[in-house]
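Reader: I would like to know how the labels used for this structure follow from their cut-offs. Could you take me through them?

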Amino acid sequence: MPVPTTADHDQPLRRTVILVAALNCAYFGIEFAVGLAIGSVSLFADSVDFLEDASVNVLIAVALGWSVRARARLALLLGLILLAPAAAGLWTAWQKLMTLAPPAPLPLTLTGLGALAVNLSCALMLAGFRNQRGSLTKAAFLSARNDAIANVAIIAAGLVTAYLWRSAWPDLIVGAGIAIMNADAAREVWQAAHQEHSAAP
């Protein structure tokens with residue numbers, strides 16, 4: 001009976017991260033288009049996050065056969081990549097402060113619901129692997145988990161804008177919160193990768 005190799009053990013994770021990357025890439029296009037159309041800071045920040053998540057998962061699929069030290073080095077790079085959505089969100093929020101025009105609440109809420117469905121699905125798929133390959137899979141799981149939390153906030157911002165406060169501020173506050181959460185996720189991944197790199201033979 002053939003003995004399973006490391007590559008055989010990695011196949012379920014590789015299939016999962018490729019599927020997660022495809023889902024993230026597809027919804028990036030949807031959320032980016034809606035965010036631009038209605039002038040939403042939170043949707044724009046979250047759409048960039050979808051693109052970043054797709055990149056992270058593709059990199060994980062490529063690096064599965066690498067050594068612990070090589071994967072840790074890649075995870076250090078991913079920690080920096082996680083900062084990109086934070087920077088993009090803050091820049092968009094700054095631009096929005098110039099006009100303070102509120103986004104259309106219905107498309108904001110519906111797009112947030114769609115994003116939540118995608119991110120919850122991705123987080124559930126990745127949950128079983130989050131400790132299997134160290135900081136790489138931790139990066140992917142943290143991204144999906146944080147995105148699901150952000151999507152709940154986007155939905156809330158849409159409802160508040162529709163029924164309580166017709167203003168740009170709910171969207172702006174959520175967009176800034178997404179940026180801060182992404183920055184914290186980058187810090188967690190960087191720390192985990194640094195520890196792995198130091199401990200690797």
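Author: Of the 201 residues of the protein, 49% count as buried, where buried means under 20% relative accessible area, exposed means over 50% and partly exposed lies in between, with a 1.4 Å probe and protein chains only. This is a predicted model, in which local features need pLDDT of at least 70 and side-chain atom pairs count only at pLDDT 80 or more, while totals for chains, interfaces and linings use all residues. Residues are numbered from 1 along each chain as its sequence is written, and side-chain values use heavy atoms, with hydrogens and water left out.

Reader: How many helices and strands are there in the protein?

Author: The protein has seven helices and zero strands, and its elements run α-α-α-α-α-α-α from the N terminus on. The assignment rests on DSSP runs numbered from the N terminus, with helices being H or I over at least four residues and strands being E over at least two.

Reader: What share of the contacts in the protein with a separation of 6 or more comes from residues 24 or more positions apart?

Author: Such residues account for 83% of those contacts, a contact being heavy atoms within 4.5 Å.

Reader: Why is the pair of Phe28 and Phe32 called tilted?

Author: By the ring rule, which pairs rings of Phe, Tyr and Trp (its six-membered ring) when their centres lie within 6.5 Å, and which calls planes under 30 degrees apart stacked, over 60 edge-to-face and the rest tilted, the count comes to three aromatic pairs. Phe28 and Phe32 are one of these, at 5.5 Å centre to centre and with 35 degrees between the planes, and the pair is therefore tilted. Both residues sit in helix α1 (residues 6-38), and because they are four residues apart there, about one helical turn separates them.

Reader: What makes the pair of Phe32 and Phe44 tilted?

Author: Their ring centres are 5.6 Å apart and their planes stand at 45 degrees, so this pair is tilted. Here the pair links distant parts of the chain, with Phe32 in helix α1 and Phe44 in helix α2 (residues 41-63), twelve residues apart.

Reader: Is Phe32 buried or partly exposed, and which residues is Phe32 in contact with, leaving aside its neighbours within four places in sequence?

Author: Phe32 has 28% relative accessibility and so counts as partly exposed, whereas Phe44, at 18%, is buried. With those neighbours left aside, Phe32 is in contact with Phe44 and Ser47. The C-alpha atoms of Phe32 and Phe50, 18 residues apart along the chain, are separated by 9.4 Å.

Reader: What is the count of disulfides?

Author: The count comes to zero disulfides, the rule asking for a pair of cysteine sulfur atoms within 2.5 Å. As for the accessibility of cysteines, Cys25 is partly exposed at 43%, while Cys122, at 1%, counts as buried.

Reader: How do you know that Leu108 counts as buried?

Author: The relative accessibility of Leu108 is 0%, and Leu108 therefore counts as buried. Leu108 has its place in helix α5, and, leaving aside neighbours within four places in sequence, its contacts include Ile38, Leu43, Ile154 and Asp171. The C-alpha atoms of Leu108 and Glu31, 77 residues apart along the chain, are 9.3 Å from each other. Thr109 lies in helix α5 (residues 105-127) as well, and counts as buried because its relative accessibility is 10%. Not counting residues up to four places away in sequence, Thr109 touches Ile155, Gly158 and Leu159.

Reader: Which residues make the nonpolar surface patch?

Author: The patch, of about 1,300 Å², is made by Trp91, Trp94, Leu97, Met98, Leu100, Leu159, Tyr163, Leu164, Trp165, Trp169 and Ile173. Helices α4 (83-96), α6 (135-163) and α7 (169-199) each supply at least two of its residues.

Technical notes:
Patch = residues over 30% accessible without salt bridge, like charges linked within 9 Å, V, L, I, M, F, W, Y side chains within 5 Å. Areas by Shrake-Rupley, 256 points an atom, 1.4 Å probe, with all protein chains shown as cover. Salt bridge = Lys/Arg side-chain N within 4 Å of Asp/Glu carboxyl O.
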